Amino acid sequence: MTDQPNRTAGQLVDELTSDTAELVRAEVRRGQQEMLAKAKEASKGAALLGGAAVLGALAAGTSAAFVVRTFGKVLPAPGAAFLATLLYGGGAAALAVAGLEEIKRVGSLLPEETLASVREDVRAARPGAAAGTTS
């Protein structure tokens with residue numbers, strides 16, 4: 001703001017509107033950047049969950065003929081299929097647990113720093129904030 005003693009109310013309102021719009025745009029940009037950073041960090045957990053989904057599909061279908069045939073040499077066919085299903089299911093469960101732990105480590109995907117900054121801006125803009133009163 002410029003220090004002009006003879007500004008009209010309209011000029012002051014225009015200046016306030018401009019400053020408010022600038023602040024809102026800056027906070028939106030900051031929120032976008034924060035959410036993008038968190039999404040990038042969470043991508044490792046999402047990739048692990050994707051791997052778990054692939055192995056889970058293999059466990060459901062037990063389509064790995066080699067494993068079933070190999071076990072079939074020492075076990076009856078149903079036992080070989082069951083053992084292969086258990087192995088793929090165990091792998092899927094392990095990847096799912098690792099993926100969920102990774103996502104929990106990242107935490108909330110909300111732009112928490114930006115939200116806190118906006119809350120501070122709102123508190124500062126409240127009437128009486130400059131005088132040190134709270135509402």
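This is a predicted model: local features need pLDDT of at least 70, side-chain atom pairs count only at pLDDT 80 or more; totals for chains, interfaces and linings use all residues.
Residues are numbered from 1 along each chain as its sequence is written, and side-chain values use heavy atoms, with hydrogens and water left out.

Let's begin with confidence. The average pLDDT, the predictor's confidence in each residue from 0 to 100, is 82 for the protein chain, and 88% of the residues score at least 70.

Now the overall fold. The protein chain has 4 helices and 0 strands, in the order α-α-α-α along the sequence. Helices here are DSSP runs of H or I with at least four residues, strands are runs of E with at least two, and both are numbered from the N terminus. Of the 135 residues, 16% are buried; buried means under 20% relative accessible area, exposed means over 50%, and partly exposed is in between, with a 1.4 Å probe and protein chains only. The accessible surface comes to about 9,600 Å², and carbon and sulfur atoms hold 66% of that surface. Those areas come from the Shrake-Rupley method with a 1.4 Å probe, and for residues only the protein chains shown count as cover.

What about contacts, meaning heavy atoms within 4.5 Å? Among contacts with a separation of 6 or more, 71% are between residues 24 or more positions apart.

Which residues of α3 are buried? They are Ala80, Ala84, Tyr88, Ala92, Gly99, Glu102 and Val106. Just after α3 comes glycine 107, with a positive phi of about 85 degrees.

On to the charged side chains. In general, side chains of opposite charge can pair when their charged atoms come close. The structure holds 4 salt bridges, each one a side-chain nitrogen of Lys or Arg within 4 Å of a carboxyl oxygen of Asp or Glu. One of them joins glutamate 41 to arginine 105, with the closest N and O atoms 3.3 Å apart. Glutamate 41 lies in helix α1 (residues 9–61) and arginine 105 in helix α3 (residues 77–106), so this pair ties together parts that are 64 residues apart in sequence. Glutamate 41 is partly exposed, at 38% relative accessibility.

Arginine 105 also has a salt bridge to glutamate 102, at 2.7 Å from N to O. Both of these residues lie in α3, 3 residues apart, about one turn of the helix. Is glutamate 102 buried or exposed? Glutamate 102 is buried, with a relative accessible area of 13%.

There is a further pair in helix α4 (residues 112–125), where arginine 123 and glutamate 120 are 3 residues apart, about one turn of the helix. Their closest N and O atoms are 2.5 Å apart in a salt bridge. Arginine 123 is partly exposed at 43% relative accessibility, and glutamate 120 is partly exposed at 46%. As for shared partners, salt bridges join Glu41, Glu102 and Arg105 into one network.

Threonine 114 lies in helix α4 and is buried, with a relative accessible area of 5%. Which residues does threonine 114 contact, leaving aside its neighbours within four places in sequence? The answer is Glu27, Arg30, Gly31 and Glu34.

With neighbours within four places in sequence left aside, isoleucine 103 is in contact with Ala42, Gly45, Ala46 and Leu49. Isoleucine 103 and lysine 44 are 59 residues apart in sequence, yet 8.1 Å apart in space, C-alpha to C-alpha.

Last stop, the surface. Val74, Leu75, Phe82, Leu83, Leu86 and Leu87 make a nonpolar patch of about 570 Å². Patches are made of residues with over 30% relative accessible area and no salt bridge, joining like charges within 9 Å and nonpolar side chains (Val, Leu, Ile, Met, Phe, Trp, Tyr) within 5 Å. Phenylalanine 82, one of the patch residues, sits in helix α3 and counts as exposed at 54% relative accessibility.

Notes. Contact means heavy atoms within 4.5 Å.
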